[in-house]
Amino acid sequence: MRRLVYETHATSLDNEAGLASGHFDVDLSPAGEAQAAELGQRYADAPPALVLTSDLRRAWRTAEIAFGDRVRVVRDARLRECDYGTLTRRPAREIDTCRVAAIDAPFPGGESYRAVAARVAACLDELRASWPSGWVLVIGHRATHYALDLLLLGVPLHRSMATPFTWQPGWAYDLE
């Protein structure tokens, strides 16, 4: 069995301000840095063989703080958050009201969640072909999570988006 675990990036400055970052490259807040350290502690006894992370700072900094140089970390733009286009850095509640409409139709000047799923699918295909021994941790965004649920569990995007997001310490997937 090839196990993949998904974790959200730690809290960013935009998260604390109630803004939807999309592709905007924002840093972690001090609280987020502490959360990232806790992430590393959770996996200290059984670390992943590899960490795949979005190339956006809030995600790769989470990995860097959590694992330092103890685990190989690979940044991949295909794991980015959805591009909200002209709605980038708007209040998160505005994005929440647009999510379902953006499943197939892109955000103005941005992309759709189907496009995100296609990006993540390509990343997973490459991962399957080069799987290391052990398990893999993916650190990403809400759109990454929606895509993983669709691609690995068959959960339709509209159902994922209708379910209120509740943080938990990791979501496990079987990549077979």
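Helix 5 and helix 6 are roughly perpendicular to each other, a term that covers angles of 65 to 115 degrees, with those under 35 degrees counted as roughly parallel, those over 145 as roughly antiparallel and the rest as oblique. The model is predicted, so that local features need pLDDT of at least 70 and side-chain atom pairs count only at pLDDT 80 or more, while totals for chains, interfaces and linings use all residues. Residues are numbered from 1 along each chain as its sequence is written, and side-chain values use heavy atoms, with hydrogens and water left out.

Helices (H or I, at least four residues) and strands (E, at least two) are DSSP runs numbered from the N terminus. Axes are lines fitted to C-alpha atoms, for helices over the stretch in contact, and angles run from 0 to 180 degrees between N-to-C directions. The two helix pairs are set out below.

| Helix pair | Angle | Distance between axes |
|---|---|---|
| Helix 5 (residues 113-129) and helix 6 | about 65 degrees | 9 Å |
| Helix 2 (residues 30-42) and helix 3 (residues 57-67) | about 55 degrees | 7 Å |

The strands form an open sheet of five with the order 3-2-4-1-5 and mixed pairing, where two strands pair if DSSP finds at least two bridges between them. Strand 3 (72-75) and strand 5 (171-174) stand at the edges, each with a single partner strand, so one side of each is left without a neighbour in the sheet. Strand 1 (residues 3-8) runs parallel to strand 4 (residues 136-140), joined by five bridges, and Thr-8 of this pair stands opposite Gly-140 in strand 4. Strand 2 (residues 50-53) is joined to strand 3 by four bridges and runs parallel to it, with Leu-50 opposite Arg-72 in strand 3. Helix 6 (residues 142-153) lies across strand 1, strand 4 and strand 5, at about 35 degrees to strand 5.

Key: Contact means heavy atoms within 4.5 Å.
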